[in-house]
Amino acid sequence: MTESRDRSQHLSRRNLLLGAGAVGAAGATGAVGAAVGNAATAEGRPVRRVVPFHGGHQAGIATPVPGHLHFAAYDVTSTSRADLVGLLQDWTAAARDMTAGHPVGGPSAASPLAPPEDTGEAVGLDAANLTLTVGFGPTLFDERFGLGARRPAALADLPAFPGDMLEPTRCGGDLVVQACSDDPQVAVHAIRNLTRIAAGRAAVRWAQLGFGKASSTEADAPTPRNLFGFKDGTANVLGTDPDALHNQVWAQAADGAPWMAGGSYLVARRIRMVVETWDRTSLAEQQQVIGRTKTVGAPLGSPHERSAVHPGSLPAASHVALAHPSRHEGARLLRRGFNFVDGSDGLGHLDAGLFFLAYQRDPRRQFVPLQQALAAHDAMNEYVRHTSSSLWAVPPGVRPRGWWGDTLLA
Amino acid sequence: MSSSRGRRGAAGLAAVALTASLAACTASSADEGKAGAIALTATDSRCDVDRSSLPAGDHTFAIANKGSRVTEVYVYGLAGGHFTKVVTEKENIGPGTSYDLTVSLAPGRYKLACKPGMTGDGIRTRLTVTGRGSATPKADPRAAAAVSAYRTYVQGEADRMVPLVDRFVAAVKAGAVDKAKSRYAASRVPWESVEPVAESFGDLDPRMDLREADLEPGQTWTGWHRIEKALWTTGDLRGLAPVADQLAADARVLQGKVPTADLSVASIGNGAKELLDEVSTSKVTGEEEAFSHTDLVDFQANVEGAREAYRVLRPLVEDTALLTRLDAAFAAVQHELDAHRSGSGFVSYATVTEPQRRDLARVVDGLGEPLSQLTAAAV
């Protein structure tokens, strides 16, 4: 499938919209770059909102957080290592197309007797800052693919945390794809097409849609709010802070798994919020639970959102005090979670909450001790239920001729 | 199954069988088609074709857009007395450009439409296709051999079905509930293995295989599933003798129609894909056999029918990667199905757990995707 591609036939979805002239001139449209930087159409107009796919780190970690998420965990259904490699190569080719705003495999309808290669619902939409980020779960390192000896020590199974109410059908997965975009249809299109490409090799184990980013990685962006109505991620690791990224987010060759150099570790937790009881809680108590004021987001007793946090002066069981880096040997997380609403729970309550996504260099000294402290003492626990928990090793970025996971599997 | 979904599928199959629109030629193959090509000149106000009558078979229209606007060309067939059925189409033909559109045409009346500006009904011109029988998509003797082999298979299944249905019907008419139950699933196996062909015979499918959920207001419910419900719910077979007799008669109608069934490489390939669609939408979900829960018997029959279609088309496919993928995918489905065997048949689908159903769905998806490529690869 991918071998026979003629890249010169590729059209941006935008060009398809321009109509017949553009399609008739498919050959003349030329190679619309492989998504490095801002691709341009034949007319010289920039295709806006493209996040470069290639680089030393995968996009979708330190890059700005767009408005929508489609997150899918997969089980590899084949036991053949060649199938796994082929899948990651096919996924990479499709991701190059989609993150540049092109349909999968170029113009469709090569034969009216075959189904179109791209499912089509993103025709006419630009990439809308689509990023696709792939990770490998602990189960990928079992006996099936001969990868046991390559499993990073940092990819240790997460321990059970007090109060967890995990649903096994929402946990784990050999592979994961995080699709983020400013257009929900673009994110859904990406997961749908990757899933189709995976048929016979991998199948969706569980998936989650998210909206309204619950954290920002940009210094000058207003801090987003979660469904508790509070600003979330004021002290987040910023994508523009190279020291913090180096120390807290990117795995290093010296950390023990050289193939992970430039990668990161992703913890995903689906945190159901019991919003109905939260909404009946007094403002004073809500602020005591969080440790910040609701409107401004300032640490309690301080005037500004960015005022320094002194955990000792906050309520001892408040979320901000318990999670403060000073209590965890400086450990921080790069959070890029999203809000979710999965309809109603059948009792008339919103099935809603925070889909927590956190990238880090080593979960054993970052997420795990932090969550142990929160699970034991956090006043917020009364209002949340952790219904899923998963961990993936997110390999380094893809080189122009490379593919996802080539540092592990090539 | 016959349902609104199933009937749409049948209509699609029939259309393809009659008028398999071949892959549009690309520029590279244009030269070889030029000799017999029919010139079609499109301008902003005209749609001129140099012939208004053609013999049945494959034809190439050499379209030249000499107008100032982007145009598109449609070939419409009759549907319900109106020229609304799209036999083939080509959009986005730019001013000053050409395109060769190849189509397989069965005898009948057609209209060609040029649509400058790609809107509206377009400028229409009449086209008559003469001849007998169906269009022959390819003179390729391998294609003829494939169609012949598949017809032999379908006839064999239809022949096998008649006595199996008779035994089931006899038990129903005798009021022998247990005996009828034990013969129910087996009587359906040949039907399920050739269902896309059976569906192309108009109302046979709704008469024989309609589910209760798909009944339309005022429609009389007949066929297997009417009897299935009585057998597995009340056990009261009174009044069902006419339904049973009708089923036996319809089995013979099907048997008699196979020799003249419109079969082509495209219809066989699409039929294989439709059999997997059946599995995916009504067997894995347990909707087909809502009372007897014999879904896995149907499932196996659908897979066997698809595998036979694949077997006869295999020599026509040059894409070895697709063949390798299909071989592995058929094996994976069979492996998963075999895990649910019990005695000479299968366990009740009611005992198949959600994780097991998920595993079945995964291998079916793994087969359905490459199988959807079979038709284009074989014609």
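I call a residue buried if 20 or more other C-beta atoms lie within 10 Å of its own, exposed if 12 or fewer, and partly exposed in between, with C-beta atoms placed from the backbone. I started with Val317(B), which is partly exposed because 18 other C-beta atoms lie within 10 Å.

**Ground rules**

I am working on a predicted model, where local features need pLDDT of at least 70, side-chain atom pairs count only at pLDDT 80 or more, and totals for chains, interfaces and linings use all residues. Residues are numbered from 1 along each chain as its sequence is written, while chains are lettered from A and ligands numbered from 1 in the order in which they are written.

**Confidence**

I looked up the scores next. The model has ipTM 0.81 and pTM 0.78. The pLDDT, the predictor's confidence in each residue from 0 to 100, averages 87 in chain B, and 89% of the residues there score at least 70. I noted a stretch below 50 at residues 3-34 of chain B. This stretch still has 78 contacts in the model beyond near neighbours in sequence. By contact I mean two residues whose C-beta atoms, placed from the backbone, lie within 7 Å.

**Chain B overall**

I take helices (H or I, at least four residues) and strands (E, at least two) as DSSP runs, numbered from the N terminus. Chain B has 13 helices and 11 strands. Of its 379 residues, 48% are buried. Among chain B contacts with a separation of 6 or more, 74% join residues 24 or more positions apart.

**Back to Val317(B)**

I placed Val317(B) in the loop between helix 10 (295-313) and helix 11 (320-338) of chain B. Leaving out residues up to four places away in sequence, Val317(B) touches Leu322(B), Leu323(B), Ala377(B) and Ala378(B). I also checked Val379(B), which is 62 residues from Val317(B) along the chain. Their C-alpha atoms are separated by 8.2 Å.

**The five-stranded sheet of chain B**

I count two strands as paired if DSSP finds at least two bridges between them. Strands of a sheet pair through backbone hydrogen bonds, either parallel or antiparallel. In chain B, 5 strands form an open sheet in the order 3-9-8-5-6, with mixed pairing. Strand 3 (53-55) and strand 6 (82-93) are its edges, each pairing on one side only. Neighbouring strands of this sheet are turned by 25 degrees against each other on average, direction ignored. For that angle, axes are lines fitted to C-alpha atoms, for helices over the stretch in contact, and angles run from 0 to 180 degrees between N-to-C directions.

I then went through the pairs. Strand 3 of chain B runs parallel to strand 9 (residues 123-130) of chain B over 3 bridges. Ser53(B) is opposite Thr128(B) there. Strand 5 (residues 71-79) of chain B has 7 of its 9 residues buried. Strand 5 of chain B is antiparallel to strand 6 of chain B, with 8 bridges, and Thr71(B) has Ile93(B) as its bridge partner. These two strands form a hairpin with 2 residues between them. In that turn, Gly80(B) has a positive phi of about 60 degrees. Strand 5 of chain B also pairs antiparallel with strand 8 (residues 108-114) of chain B over 5 bridges, where Val73(B) stands opposite Cys114(B).

**Helix 4 of chain B**

Where is this helix kinked? I found a kink of about 35 degrees centred on Arg183(B). The bend at a residue is the angle between axes fitted to the seven residues ending there and the seven starting there. Helix 4 (residues 177-193) of chain B has 17 residues and reaches 26 Å from first C-alpha to last, close to the 24 Å expected. The expected span is 1.5 Å times one less than the number of residues. Its buried residues include Arg183(B), Tyr184(B) and Trp191(B). The elements they pack against include helix 3 (141-173), helix 10 and strand 11 (345-346) of chain B.

**Chain A**

I finished with helix 5 (residues 184-198) of chain A, whose 15 residues reach 21 Å, close to the 21 Å expected. Among its buried residues are His189(A), Asn193(A) and Leu194(A). Their cover includes helix 4 (81-99) and strand 3 (175-181) of chain A. Gly200(A) follows this helix, with a positive phi near 90 degrees.
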